[in-house]
Amino acid sequence: MNAIFTASALSLPFFLGASKFDTRRDLKCRFKVFAVFGEEEKKNAWGALFDVEDPRSKIPQNKGKVLDIYQALEVARHDIQYLDWRARQDVLTIMLLHEKVVEVLNPLAREYKSIGTLKKELAELQDELAHAHRQVHISEARVTTALDKLAYMEELVNDRLLLDRSTAEISQTTSSPSTSANSLVTEKRRQPRKSLNVSGPVQSYHPHLKNFWYPVAFSSDLKDDTMIPIECFEEPWVIFRGKDGKPGCVQNTCAHRACPLHLGSVNEGRIQCPYHGWEYTTDGKCEKMPSTRLLNVKIKSVPCFEKEGMIWIWPGNDPPTATLPSLLPPSGFEIHAEIVMELPIEHGLLLDNLLDLAHAPFTHTSTFAKGWSVPSLVKFLTPASGLQGYWDPYPIDMEFRPPCMVLSTIGISKPGKLEGQNTRECSTHLHQLHVCLPSSKQKTRLLYRMSLDFAPLLKHVPLMQYLWKHFAEQVLNEDLRLVVGQQERMNNGANVWNFPVSYDKLGVRYRMWRDALERGAKQLPFTSIDQIQN
Ligand code: FES
Ligand SMILES: [Fe+2]
């Protein structure tokens, strides 16, 4: 999707600066922290940090053995434990050397030493420090390798799970009913396969999916006298501002004779129906009925709040959670574009598309992925329990944020180019938020917000908003013709998740999360309840 449209669409007037993740800056920060301790506290605090048992004696001896995946994971776990211990030792060494340097330079001690001795001692310490620093870099490299190994093993486990599901599907279509032990195993495997069966006409939205805060509009689009009509979970709503300036969301259907209210106007914080002039407040109460006696009439409204430049509603029947989530870009980024699009596809299909990057060199050949080569292997690396991670070989971090958001950060080293193995290697970044609001069975309201951590002046360039919108639509159109085709086939019974492979990981996880939610599972996969709702 438009995950990275700006990366290539523009030749932006910015320059490469020092990396944001400069280790020297990190070190400075560490010293700052160090400085807040008093001598005694410092010793105690550091003591706790270094008082970790050497884990080497506990590492299982597996040399020459063939390990299954669980044993291999255990080995990886020990590796990480060892590396943690090793890193602590490295830091301890550097700290001790640092203390020695202070001691050598101590003016009281200096009186008793010749300049020559002092020089010699300092030179030796310098050598030791250089060695210790090298050791730290080696430890860093080991940590990176160990994490890569873990991610790779997780790939293997996931591939295995997907393979099991496909096997279960084949067994389902070929085997006859039986009570043998084998058929019980097949039966067990059939259960998870269901989570990847997304076929047939789109069903009505499950009520559980409604119990979330949903962003429905950008604040900047809602003036005091404007109305924003939206469709959400197959119901028409209209958003407008009350007399106090706070937003409200009421049903977009007049209580009198069902005229769409958004065709009317907003007067003094009330929305007026264009047919016979009935006027409603933001909580749905009818306060004016011209030419007749005022009756006690109320239309439906939903909880509606404004936060960080977005209007949010709670369409569910459960009481809303106390806090609204935050969708602001990370610090250092400035918002450059906020775009809304109404799309003719079901929101799940749009999310599937946004959570997939492997399609880029095939689908986006006229926009951001023009000229991209096709990598021999595309992977999405993520913790076993997460809905976020990063793409390999692209410098792109991505997250599915329940219930319908995709956040991504794209590293840009040079204008129009994606470079580096990960986002941290890039000096400049583009951050994207995609909100896919479920409008109806074949419609999604897409809210797109784009932020940059460079070129702040760009947002003041006249008509820039139109350019961003143009680029976004171009990219989106490349996807839409494909996804609309998928949707038609899905409605006729095809399974759009028929044969997932390893790079489909994030999309598959989204589907598993959504299935579990709709089944009413107590513990949702890949996330905790807290994370979902806050
Ligand atoms: S339909 Fe709205 S006032 Fe009559
Ligand atoms: Fe795409």
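**Notes on a predicted model**

1. Start with one pair of residues. Q272 stands opposite E279, which lies in strand β7. The model is predicted, so read each point below as a description of that model.

2. Now the two strands around that pair. Strand β6 covers residues 270-272, and strand β7 covers residues 279-280. They run antiparallel and are joined by 2 bridges.

3. Widen the view to the sheet. It is open and has 4 strands, in the order β5-β6-β7-β8. The pairing is antiparallel. Which strands stand at the edges? They are β5 (265-267) and β8 (286-288). Each has a single partner strand, so one side of each is left without a neighbour in the sheet.

4. Next, helix α8, residues 347-354. Is this helix largely enclosed or largely open? 8 of its 8 residues are buried, so the rest of the structure largely encloses α8. Among these buried residues are H347, D352 and N353. L349, L350, L351 and L354 are also on the list, as is G348.

5. Look at the start of α8 as well. There, E346 has a side-chain oxygen within 2.8 Å of the backbone nitrogen of G348.

6. Turn to the aromatic rings. How many aromatic pairs does a search of the whole structure find? The count is 12. One of them is Y214 with F233. Their ring centres are 5.4 Å apart and their planes stand at 85°, so this pair is edge-to-face. The pair links distant parts of the chain, 19 residues apart. Y214 sits in strand β1 (residues 214-218), and F233 sits in the loop between β2 (228-232) and β3 (235-241). Y214 has 1% relative accessibility, so it counts as buried. F233 is buried too, at 4% relative accessible area.

7. Compare W372 and Y394. Their ring centres are 4.9 Å apart and their planes are at 25°, so the pair is stacked. This pair also links distant parts of the chain, 22 residues apart. W372 is in the loop between α9 (360-363) and β13 (379-381). Y394 is in the loop between β14 (388-392) and β15 (396-401). With 7% relative accessibility, Y394 counts as buried.

8. There is also an aromatic cluster. F212, F400, Y510 and W513 make it up.

9. Finish at the surface. F499, V501 and Y503 form a nonpolar patch there, with about 300 Å² of accessible area together. V501 lies in the loop between α10 (464-491) and α11 (505-519). Its relative accessible area is 33%, so V501 is partly exposed.

Notes:
Residues numbered from 1 in each chain as written. Chains lettered and ligands numbered in written order. Predicted model: local features only at pLDDT ≥ 70, side-chain atom pairs only at ≥ 80, totals over all residues. Heavy atoms only, no water. Buried < 20%, exposed > 50% of the residue type's maximum accessible area, 1.4 Å probe, protein only. Polar contact = N/O pair within 3.5 Å; in protein donor to acceptor, adjacent residues only side chain to side chain. Pairing = 2+ DSSP bridges. Patch = residues over 30% accessible without salt bridge, like charges linked within 9 Å, V, L, I, M, F, W, Y side chains within 5 Å. Areas by Shrake-Rupley, 256 points an atom, 1.4 Å probe, with all protein chains shown as cover. Salt bridge = Lys/Arg side-chain N within 4 Å of Asp/Glu carboxyl O. Phe/Tyr/Trp six-rings, centres within 6.5 Å; stacked < 30°, edge-to-face > 60°.
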